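User: I would like to go through the labels attached to this structure and ask what each of them rests on.

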Amino acid sequence: MFLKNNKAKVGRNDPCPCGSGLKYKKCCLGKKFPKSDSLKALYLKRYNIRLKENKDIEGIRMAGRLVLDTLDLVEEKIRPGVSTDEINTLVHEFTIKNGATPAPLNYRGFPKSVCVSVNEVVCHGIPGQRILNDGDIVNVDVTSILNGYFADSNKTFFVGTPGLDARKIVKVARECLKLGTAKVRPGNTIGDIGWAIQRYAEGQGCSVVREFVGHGVGFEFHEAPQVPHYGRKREGIGLVPGMVFTIEPMINLGEKNLRVLKDKWTAVTADGSLSAQFEQTILVTEDGFESLTPFE
């Protein structure tokens with residue numbers, strides 16, 4: 001049903017890419033491809049997924065450019081002695097200056113304009129008085145709202161000279177994003193993305209966080225679908241053109257378990273090991289994918 005031009009190969013006995021849970025031969029094999037309007041209606045009704053049209057994609061792309069410019073600015077300022085609150089001020093002022101709104105600010109009570117997560121902090125680090133030290137790693141997660149559209153991206157940076165553990169976890173996390181993104185194309189499933197990430201991370205002796213996942217984005221900060229960074233091939237919702245979501249694997253050097261601090265936001269590794277993450281906002285296209293927040 002959603003295998004346009006037959007570019008994705010699905011066996012008769014494989015799970016149907018539409019996500020129905022039935023075998024392909026019992027579901028969409030032989031059916032005509034739906035018109036785009038029908039596909040939008042189907043995905044909205046079945047999964048609450050809002051497929052994006054060209055004007056929406058351009059809006060998200062513009063917001064994505066601002067997010068990348070913000071991350072570039074942050075990278076220039078990262079050094080030992082800088083506080084995480086200074087990073088927050090930099091992101092907030094640059095976002096406002098460019099006519100946008102920082103999405104994290106006051107989102108469900110989050111008190112700052114950006115998430116800054118250092119070393120053992122998996123995600124949702126609240127900027128404050130913590131000072132970056134030589135050898136640290138720091139993830140900066142930026143989401144901007146520009147002209148009503150949301151784009152979301154993050155990077156993990158080295159502070160000063162990184163040690164071997166820091167180099168390893170950052171390299172693995174970056175490769176996980178690359179491998180997960182490579183699985184995005186019509187006819188594949190969300191499970192294919194998670195499978196690729198989990199297989200590589202665990203093969204490197206690292207672990208994948210389960211509690212936090214990627215998500216739809218564009219019209220809102222968080223939309224359907226959820227995109228786990230672990231899973232099985234051919235399982236989950238089928239990918240179709242117009243889907244926009246984040247892939248943002250959180251990879252730990254030690255065990256996958258985490259705990260949330262008393263501030264009810266900051267998630268840290270349970271064993272104190274390093275954690276790294278990279279994220280991009282991804283569009284499913286007719287024959288593959290496009291990153292709307294592209295970086296190498």
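Analyst: Glu75 has its place in helix H2 (residues 54–77), where helices (H or I, at least four residues) and strands (E, at least two) are DSSP runs, numbered from the N terminus. This is a predicted model, in which local features need pLDDT of at least 70 and side-chain atom pairs count only at pLDDT 80 or more, while totals for chains, interfaces and linings use all residues. Residues are numbered from 1 along each chain as its sequence is written, and side-chain values use heavy atoms, with hydrogens and water left out.

User: Why does Glu75 count as partly exposed?

Analyst: Buried means under 20% relative accessible area, exposed means over 50%, and partly exposed lies in between (1.4 Å probe, protein chains only). Glu75 has 43% relative accessibility, and therefore counts as partly exposed. Glu75 also belongs to a negative surface patch, together with Asp69, Asp72 and Glu76; patches are made of residues with over 30% relative accessible area and no salt bridge, like charges being joined within 9 Å and nonpolar side chains (Val, Leu, Ile, Met, Phe, Trp, Tyr) within 5 Å.

User: What makes Gly214 count as buried?

Analyst: Its relative accessibility is 0%, so Gly214 counts as buried. Gly214 is found in strand E7 (residues 214–216), and its C-alpha atom is separated by 4.4 Å from that of Val227, 13 residues apart along the chain. Leaving aside neighbours within four places in sequence, Gly214 is in contact with residues including Pro225, Val227, His229 and Thr246, contact meaning heavy atoms within 4.5 Å.

User: How do you know that Arg50 forms a salt bridge with Glu220?

Analyst: A salt bridge is a side-chain nitrogen of Lys or Arg within 4 Å of a carboxyl oxygen of Asp or Glu. The closest N and O atoms of Arg50 and Glu220 are 3.0 Å apart, so the pair meets that definition. The pair links distant parts of the chain, with Arg50 in the loop between helix H1 (36–47) and H2 and Glu220 in the loop between E7 and strand E8 (223–227), 170 residues apart. Arg50 is partly exposed because its relative accessible area is 31%, and Glu220 is partly exposed because its relative accessible area is 39%.

User: What makes Glu58 and Arg65 a salt bridge?

Analyst: Their closest N and O atoms are 3.9 Å apart, so the pair falls within the cut-off. Glu58 and Arg65 are linked with Arg61 and Glu290 in a network of salt bridges.

Terms used. Accessible areas come from the Shrake-Rupley method with a 1.4 Å probe; for residues, only the protein chains shown count as cover. Lys and Arg count as positive and Asp and Glu as negative; His and the chain ends are not counted. The place of a charge is taken as NZ of Lys, CZ of Arg, CG of Asp or CD of Glu.
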